[in-house]
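Subject: Structure handover

Hi,

Here is the structure I promised. Please look it over before reading my notes.

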Amino acid sequence: RRVRALQKKLREIEKLKLNQDAIVDRLQREKLATEGEVRVACASLERELDLLERIPKMVFDVETEDGARYLEFREGDDCYELAK
């Protein structure tokens with residue numbers, strides 16, 4: 001639900017950007033100012049949903065200089081990115 005709400009906000013922001021001449025309302029200007037935050041929140045939630053929908057393939061406990069790390073490898077993951 002939250003993702004859909006954020007996506008709706010982004011669509012509204014895009015409409016406002018197309019009609020910037022018609023923006024007179026303070027709330028509309030504030031909505032435009034939150035575009036970056038909304039995009040970041042939406043992307044974060046979409047990533048979380050993607051992880052929840054994919055079944056874990058392999059799970060590792062990796063010892064590093066900073067201590068043990070728990071890694072889950074799923075189909076489509078990049079091993080090099082996980083190793084960072």
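Below is what I found, starting with how to read the model.

This is a predicted model, in which local features need pLDDT of at least 70, side-chain atom pairs count only at pLDDT 80 or more, and totals for chains, interfaces and linings use all residues. Residues are numbered from 1 along each chain as its sequence is written, and side-chain values use heavy atoms, with hydrogens and water left out.

Start with the largest nonpolar core. Its 5 residues are Val-3, Leu-6, Leu-10, Val-38 and Cys-42. The largest share, 3 residues, comes from α1. (Helices are DSSP runs of H or I, at least four residues, numbered from the N terminus.)

Next, α3. Glu-35, Val-38 and Cys-42 are buried there. Seen down the axis of α3, its buried residues fall within an arc of 60°, so they line one face of the helix. (The arc is that of the directions from the helix axis to the C-beta atoms.) They pack against α1 and α2 (26-33). Glu-37, Val-40 and Arg-47 are exposed on the other side of α3.

Last, Glu-35. Its relative accessible area is 15%, so Glu-35 is buried. Leaving out residues up to four places away in sequence, Glu-35 touches Leu-10, Ile-13, Glu-14 and Lys-17. (Contact means heavy atoms within 4.5 Å.)

Best wishes

Terms used: Core = buried A, V, L, I, M, F, W, Y, C linked by side-chain atoms within 4.5 Å. Buried < 20%, exposed > 50% of the residue type's maximum accessible area, 1.4 Å probe, protein only. Helix = DSSP H or I, 4+ residues; strand = E, 2+ residues; numbered from the N terminus.
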